[in-house]
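Have the sequence and the 3D view ready, and try each task before you read its solution.

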Amino acid sequence: MDANSTAPPVQTNRLRADGVRLGYDGRTVVDDLSFEVPDGRITAIIGPNACGKSTLLRALARLLRPDRGGVVLDGENIHRLPTKEVARRLGLLPQSPISPEGILVVDLVSRGRTPHQRLFQQWSDGDEAAVREALEATHTIDLADRPVDQLSGGQRQRVWIAMAIAQQTDLLLLDEPTTFLDIAHQVDVLDLVDQLNSDRGRTVVVVLHDLNLACRYAHHLVAMRDGAIVASGRPEEVITEHSVREVFGMDCVVTTDPVSHTPLVVPIGARRSPAAGGDRPGSSSVPTSADDGRVNHDDGDLVDGDLVDGDLVDGDVDDTTDDTAAAPVAE
């Protein structure tokens, strides 16, 4: 290469955390953590309760200022950017958001347009089109005139995602979007997330507790324990019997999902563990029912998740550089 030539600029991902220390009231939860969000992919953050997953997501969303290090968005420290500017680039769906009593679906989704409002231009045809597109994308347009508090859990979650879509950001952060939903609605919501990524190219970061759904829907996994990243990479690289034992303290068998061909985690459980004298799954000595010959399997749930309280996003968005969140919230 000619000594006088200029090397091409190094391409970096749009959102990253650089050596951040995060905590609450003097208690450190995450320390010296660095993490880049892969552009144009779905990244799932997994780990046991209280390991720092939601804390990391809050920092990426500008809800929590690091005690040390920083979060970088498009090459700039996110806390030096005006709140409204951040909200035009990054959307957030917090845990268990609460809508104003009696608000209609269409009005809640319209709140997603708040960052795009101007002093002399409050509501435009473009805003109207963005809201309609979001309702159509989430299959909630037939619910537009219904009160949010009269919807089912799955419907409400779709409406909140519609609000985030109406915000029209290329980056979307979702904190446990499948919490409290039955398995059918969990798959429904994650199918929508997959569609947003594949059809619209959105970069998504999602906190999930279900390892098998995380493997099925995410391109990139980040496994956390005790405030640190233990492993990251493709699902087949991250999810092994050893890593699940290291991260969750749980014995399991990792096989292949027959539908998605991604890792499938089968918990063993204490009653089936060799140490307890039990038989591993698939053993010929599994007891059967004397009545009809059917196999009696002990139920083994995947890792369950307790809620980590997350602040709702402040709906007062202006061009200040305070530490309010990036996304609009219904008040």
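**Before you start.** This is a predicted model, in which local features need pLDDT of at least 70, side-chain atom pairs count only at pLDDT 80 or more, and totals for chains, interfaces and linings use all residues. Residues are numbered from 1 along each chain as its sequence is written, and side-chain values use heavy atoms, with hydrogens and water left out.

**Exercise 1.** Find the salt bridges that arginine 234 makes with glutamate 236 and with glutamate 237, and describe how accessible the partners are.

*Solution.* 
- Step 1: Recall that a salt bridge puts a side-chain nitrogen of Lys or Arg within 4 Å of a carboxyl oxygen of Asp or Glu.
- Step 2: From arginine 234 to glutamate 236, the N to O distance is 3.0 Å.
- Step 3: For arginine 234 and glutamate 237, the N to O value is 3.0 Å.
- Step 4: Relative accessible area under 20% is buried, over 50% exposed, and in between partly exposed (1.4 Å probe, protein chains only).
- Step 5: Arginine 234, at 44%, is partly exposed; glutamate 236, at 48%, is partly exposed; glutamate 237, at 45%, is partly exposed too.

**Exercise 2.** Is arginine 89 buried or exposed? Look also at its salt bridge with aspartate 74.

*Solution.* 
- Step 1: The side chains of arginine 89 and aspartate 74 meet at 3.1 Å, N to O.
- Step 2: Arginine 89 has 16% relative accessibility, so it counts as buried.
- Step 3: Aspartate 74, at 31%, is partly exposed.

**Exercise 3.** How many salt bridges does a search of the whole structure find?

*Solution.* The search finds 17.
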